[in-house]
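Biologist: Could you walk me through this model? I'd like to start with the contact between the chains and then look at the strands.

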Amino acid sequence: MRMLKQAWLWFDDLTGVSKILGPLLDHPVPKARKSAWFYVLGSATLIAFLIQVVTGIALASGYVPSSGQAYSTLQFISGAPIGRIVRGIHYFGASAMIILIGLHTIRVYLMASYKYPRQMNWLSGVALLLLTLAMVFTGQLLRWDQTGFWSVLIAAEQAGRVPLIGNWLGHFILAGDTVGGATLSRFFVAHVFLFPGLIFLIVGFHLYLVVHNGISEPPSVDRPVDPKTYRPWFHALLAREGEPFWPDAAWRDVVFGFLVVLTVVGLAIVVGPPMLGKPPDPSIIEATPRPEWYFFWYYAILSLIPKWSEALVMVWGPAIFGAALILLPFVARKGQRSPLRRPWSFVIVAAILFMIAYYGEVGKIAPWSPRMEAPPLPVQVVGVTSGPIADGARVFHDKGCEYCHKVSGYGGIRGPDLTYAGDTLTPAQITTRIYSGAENMPSYRNNMTSDQLSALLAFLRSRHRQPIEPPPDSGQ
Amino acid sequence: MIEIPPSEAPVKHGPEINRRRFLVRLSITLSSIGAALIALPSVAFLLGLRKSPQIWRTVGSLDDFKIGSTVNVAFEDPSPLPWAGVTAQTTAWLRRVDEREFIAFSTICTHLGCPVRWLAEADLFMCPCHGGVFYADGQVASGPPPKPLNQYPVRINKNSVQILTMPVPIA
């Protein structure tokens with residue numbers, strides 16, 4: 001013990017580390033009282049990032065960033081017991097990071113900690129938020145299974161909607177004219193070197209600012225921010241009732257951070273990383289690319305919005321949202337910080353959370369997606385095995401009607417449920433709809449013979465309200 | 001916080017100021033040139049995109065394709081990198097219209113790039129992601145796609161059917 005202490009004194013004499021770190025650890029922070037636990041979200045985000053750095057380095061040692069081989073290296077990693085756990089930690093660590101940075105942003109926004117003098121804290125935080133989104137997208141893609149492969153094309157097509165430079169941007173994402181050998185390396189470099197490097201730099205800046213400007217005190221209705229007097233007032237507050245960061249405030253960061261680690265590791269062991277999809281072979285045409293949960297809401301929105309608004313949602317929506325985040329600390333640089341006096345902030349946060357939760361749920365069910373694996377209707381649903389009704393049921397499946405319309409629990413849910421079509425629609429109505437189509441239904445004018453149509457009509461007219469055995473699989 | 005002591009350098013006048021100003025400019029100029037020498041080739045390499053030539057790839061012989069049927073064909077990119085593996089493949093939906101005429105559609109949905117499937121019984125292309133549907137001629141039938149499916153040029157060379165490769169169509 002004495003030797004350790006002497007070694008430390010010797011090291012500190014040569015380096016002066018304690019002179020730099022001491023004031024950092026001891027710097028006074030305002031008493032947060034009731035809201036103290038709201039202040040742990042930033043450090044927890046940093047802990048999640050560090051989890052990603054450590055597990056990422058380990059995973060990179062088993063990964064080959066080559067379009068032709070990455071998939072088999074992922075099979076290798078996932079096949080090894082420890083590899084599976086490390087991949088699981090990296091997967092749930094990513095989810096933790098995105099949840100925590102989201103909550104941290106909301107905390108700072110609701111408490112208006114972005115006001116003078118902490119505008120740069122906010123701006124560097126916005127950069128970190130965007131980089132985190134970029135990290136989870138590129139990370140999912142590095143799995144390089146079928147979904148990873150098609151994610152590249154989906155990203156390129158979305159980038160293609162950007163005015164003027166869209167085409168170049170799209171091909172920049174592909175790293176050339178087509179998806180190929182150069183494509184994956186590009187995403188590997190972004191995910192492993194470029195983005196993490198930027199995150200390290202900006203986190204350093206962000207932490208420096210936290211010390212430089214001091215941690216914001218909990219807002220109070222009686223103390224609107226006045227840039228002229230804020231700093232002297234804040235320093236007086238710290239001198240009056242500040243407490244040293246270490247350990248008076250930091251212990252909460254440690255406890256919460258430990259819970260984050262525990263949760264992530266626990267999920268990695270119990271649940272494990274997501275299954276790998278099929279290999280990234282474009283000639284396997286049965287592909288249904290789906291994003292991870294944190295992008296489900298966006299995925300759902302992209303299909304539910306009217307066609308004319310696509311440019312608005314894909315290009316201008318994110319651009320306006322980004323601009324709002326950047327302008328916020330300049331437009332609202334002083335005045336009330338208390339959320340009680342800024343009720344709109346609650347409305348905005350609630351609206352965003354509702355959008356993410358609601359459309360995320362819709363995205364999970366994916367009601368717009370044709371359910372292309374729907375099997376032909378079984379005989380207990382159809383009721384007969386031959387004749388026009390049975391023929392019509394076959395047409396209903398073969399023409400793809402069943403992919404979007406449900407009958408007695410079978411089929412997709414994009415279009416109206418036709419279980420009781422015989423009760424609710426006249427043959428003329430059905431015929432008109434089949435012939436003329438609609439915004440989200442193709443016209444079958446040239447795709448159906450009159451025999452097929454009359455069989456289909458016979459089948460749909462036979463759909464009446466009557467007890468039918470529930471199907472074995474009525475899931476989505 | 002670290003406090004910087006006030007500068008104790010004596011105030012200089014005349015040639016000393018000119019000398020210091022020169023040294024500042026010299027240092028800034030040299031640093032900029034040095035940084036540019038490293039950054040330019042690196043950024044140029046990063047921005048350099050692989051241009052592929054357009055070439056005719058054989059996807060089968062005439063007898064392989066029945067008149068009226070639409071099948072999925074795979075062909076290799078014009079100049080695949082050795083480590084591209086399966087990703088060097090591209091696929092298309094190829095239909096033999098009659099004795100001498102073929103038509104080939106890109107499998108990439110014009111909405112957001114998911115792979116469309118051909119439903120032979122329904123004579124429709126359908127996209128599994130957001131429910132875009134195209135008629136047999138590639139025109140939009142319903143759903144969100146903004147424009148028809150892209151087509152590849154097809155030709156018959158002696159007895160083989162060939163598709164002209166092209167860059168991934170982006171908006």
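Biologist: Which residue of chain A meets the side chain of K51(B) in a salt bridge?
Modeller: Happy to start there, bearing in mind that this is a predicted model. The rule finds one salt bridge across the interface of chain B and chain A. The N to O distance is 3.7 Å, and the cut-off is 4 Å, so the pair counts. The partner of K51(B) is D177(A).

Biologist: How many residue pairs are in polar contact across the interface of chain B and chain A?
Modeller: Here both residues of a pair must have pLDDT 80 or more. On the side of chain B that touches chain A, elements supplying at least two residues each include α1 (15-47), β2 (70-76) and β3 (89-96). That side divides into 15 polar, six charged and 36 nonpolar residues. As for the polar contacts, the rule finds 23 residue pairs.

Biologist: And how much area do chain B and chain A bury between them?
Modeller: The contact draws on 64 residues from chain A and 57 residues from chain B. In chain B, the residues that lose the most area to chain A are L112(B), R117(B) and I170(B), together 14% of what that side buries. Of the total between the two chains, 63% is on carbon and sulfur atoms, and that total is about 5000 Å².

Biologist: Which residue in the turn of the hairpin of β10(B) and β11(B) has a positive phi?
Modeller: β10 (residues 154-157) and β11 (residues 160-164) of chain B pair in the antiparallel sense over four bridges. V154(B) has I163(B) as its bridge partner in β11(B). Two residues lie between the strands, and the one with a positive phi of about 55° is K158(B).

Biologist: Last one: how far apart do the C-alpha centres of domain 1 and domain 2 of chain A lie?
Modeller: Chain A is divided into domain 1, covering 27-365, and domain 2, covering 379-461. Taking the C-alpha centres of these two domains of chain A, the separation is 45 Å.

Note on methods: Residues numbered from 1 in each chain as written. Chains lettered and ligands numbered in written order. Predicted model: local features only at pLDDT ≥ 70, side-chain atom pairs only at ≥ 80, totals over all residues. Heavy atoms only, no water. Contact = heavy atoms within 4.5 Å. Buried area = accessible area lost by both parts, 1.4 Å probe. Polar contact = N/O pair within 3.5 Å; in protein donor to acceptor, adjacent residues only side chain to side chain. Nonpolar A, V, L, I, M, F, W, Y, C, P; charged D, E, K, R; others polar. Domains from an automatic or database assignment. Pairing = 2+ DSSP bridges.
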